[in-house]
Amino acid sequence: MHTSTTVISISLLCSGALLFTLWKSRARRANRNFPPPGPSGLPWVGNVFDIDVSQPWVTYQEWGKRYGDLTYSQVLGKEYIIVSSEKVAHELLDRRSSIYSDRPCMPSVELFDLGFATPTLSYGEEWRQHRRALHLVLNKKEALKYTTMQLQGVHGLLMNLLTTPQDYEDHFVMFPVALIMELAYGYSVAPQGDPFVASLVQLLSLVVEVVTPERSALLGAFPFLAYIPSWMPGGNWKKRAGGCQQLVRKVLDDPVQYVHDSIIAGTARKSMVHDIYLDKDDDLKLGFDKDKVTKEVAATAFMAGSETTTSVMLVFLLAMVLHPDVQRKAQEEIDRVVGADRLPDFGDRPNLPYVEAVLLETLRWVPVAPLGAIIIPNMWAMSQDPERYPEPKIFNPDRYSSKVEDVSSSPVFGFGRRVCPGRHLAEQSLWAVIVSMLATLQIEKATDASGAEIEIQPKFKGGATIRPEAFPCSIKARSSRATHLIRASTACVD
Ligand code: HEM
């Protein structure tokens with residue numbers, strides 16, 4: 001079984017777990033037609049062998065077509081529900097949000113000391129405090145204050161893409177990392193070997209690799225695995241968990257200590273941590289736990305916001321390589337509105353409906369899911385619903401030509417009370433990336449030694465998020481004027 005697809009498979013199944021459990025207890029009382037229809041499975045292992053492990057989301061989509069918007073499934077003795085319709089997801093998760101906003105306990109989250117992260121918290125006072133703190137710095141109005149910072153970050157990204165285009169994945173990783181470090185801690189990341197970033201990135205890759213719903217399901221089924229000493233076969237869990245726990249302490253404490261030190265030195269810059277500390281009247285009602293909550297939300301913002309943003313950027317790049325016609329049309333719009341003498345900025349946004357549609361289509365085409373979220377309705381099925389999106393497999397921004405939707409309301413950011421609090425920041429970042437790359441760069445298929453184009457078969461890998469596997473491509477400046485604008489924007493004029 002391919003690990004990444006297994007992860008995605010189980011993650012999609014686990015996503016419905018809580019929703020189902022809560023729904024089940026109510027439904028059993030209220031609804032004689034419970035459980036909803038679903039494929040029949042083998043005793044105990046249930047539907048494990050019914051799932052196409054290379055594309056599990058397609059299996060669930062098929063089930064959705066056959067059994068309806070809510071599909072009952074059973075895996076390893078646990079019952080799950082898969083939600084395939086956006087309408088039903090809104091109905092359950094937005095309108096009956098108070099019922100479906102909880103999170104089940106994930107054994108691997110406990111073991112790896114990751115219970116501090118907002119997505120893992122159960123629906124209660126601690127989670128509310130996190131949301132209040134996150135809202136303070138990430139609400140729609142506040143997010144508008146970050147646009148200059150976002151554009152500066154994008155200009156640095158363009159410069160990096162121009163200089164070492166082959167390292168595009170690394171550049172896409174660093175863009176949200178640097179942005180969120182600045183925003184969360186007022187900290188400017190060093191171009192190379194930054195100590196805070198090193199710990200954070202190390203933790204993130206551990207989390208993505210080991211703290212998956214798949215491993216949680218394993219630990220849930222066989223809890224003794226957590227207690228095998230690290231030197232014994234099968235004791236890898238304990239060893240990795242130990243490493244993770246140490247990293248968690250560093251990631252929570254060190255950057256906040258940096259903000260404390262800068263406040264004392266009088267050099268602190270505006271940041272999420274700074275703003276929460278400045279909340280002297282305690283409007284946030286964080287009480288005794290202010291210090292703890294501050295550390296936790298800042299680290300969560302980093303972890304939840306970086307991987308997801310990078311994944312969407314990779315999806316955009318892939319879409320542009322595969323759809324030169326879309327790229328051309330978007331560039332024509334930008335050239336008409338912005339011209340060739342400056343880089344785009346947020347003032348141009350209302351006049352660029354096609355670019356907006358490219359962003360919406362990027363989010364729909366390959367929906368990415370965030371780290372640690374438990375209730376993930378089958379976004380794949382929703383985004384591939386042919387009634388809502390005719391010919392859904394095709395990347396076609398024109399589908400939004402009659403009505404451009406509000407990007408931050410996209411279902412890709414989740415539903416109900418657990419909706420992504422970073423969605424305004426994220427959609428602004430992504431818009432800035434997309435418009436700036438389109439304005440200045442030409443993205444094409446790479447060519448081999450004989451000059452022939454290298455065809456791409458898009459493949460996706462997944463852990464906590466789904467992203468395209470590395471693919472060859474060519475990224476060049478559109479013109480010498482574009483090169484000059486990029487260099488000028490990063491103060492490296494030639
Ligand atoms: C393209 C980028 C992003 C996508 C697609 C995305 C998507 C999501 C989704 C689907 C959820 C889960 C909702 C649920 O559990 O039902 C979520 C939760 C969350 N996201 Fe995002 N997100 C993105 C960027 C960000 C950014 C930039 C930040 C912060 C700076 C952020 C912070 C969070 C947090 C803290 C949660 C947990 C909310 C809770 O459990 O109450 N996300 N995100």
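Cys-420 is situated in the loop that connects helix 17 (379–383) with helix 18; helices here are DSSP runs of H or I with at least four residues, numbered from the N terminus. The model is a predicted one, in which local features need pLDDT of at least 70 and side-chain atom pairs count only at pLDDT 80 or more, whereas totals for chains, interfaces and linings use all residues. Residues are numbered from 1 along each chain as its sequence is written. Cys-420 is buried, because 23 other C-beta atoms lie within 10 Å and the criterion for a buried residue is 20 or more other C-beta atoms within 10 Å of its own, with 12 or fewer for an exposed one, partly exposed in between, and C-beta atoms placed from the backbone. An unreviewed UniProt entry places the feature "binding site" at Cys-420; such annotations may be inferred rather than shown by experiment, and positions are given in the numbering used here, with feature names shortened.

The loop between helix 17 and helix 18 also holds Glu-391. Glu-391 is exposed, with 8 other C-beta atoms within 10 Å, and its phi is near 45 degrees, a positive value in a residue other than glycine.

The ligand is surrounded by 29 residues, of which the closest are Gly-305, Thr-308, Gly-414, Cys-420 and Gly-422 (a residue counts as near if its C-beta atom, placed from the backbone, lies within 6 Å of the molecule). Two or more residues of this shell are given by each of helix 6 (125–138), helix 14 (290–322) and helix 18 (423–440). Helix 14 supplies the largest share, seven residues. The shell comprises 20 nonpolar, seven polar and two charged residues, where Ala, Val, Leu, Ile, Met, Phe, Trp, Tyr, Cys and Pro count as nonpolar, Asp, Glu, Lys and Arg as charged, and the others, Gly among them, as polar.

The largest nonpolar core has 116 residues, and Ala-184, Ala-298, Val-355 and Ile-434 have the most contacts inside it; such a core is a set of buried Ala, Val, Leu, Ile, Met, Phe, Trp, Tyr and Cys residues joined through C-beta atoms within 7 Å. Helix 14 gives the most to this core, with 18 residues. Beyond its neighbours within four places in sequence, Ala-298 is in contact with Ala-184, Tyr-185, Pro-255, Val-256, Met-272 and Val-273 (contact requires C-beta atoms, placed from the backbone, within 7 Å).

How values were computed:
Two residues are in contact if their C-beta atoms, placed from the backbone, lie within 7 Å.
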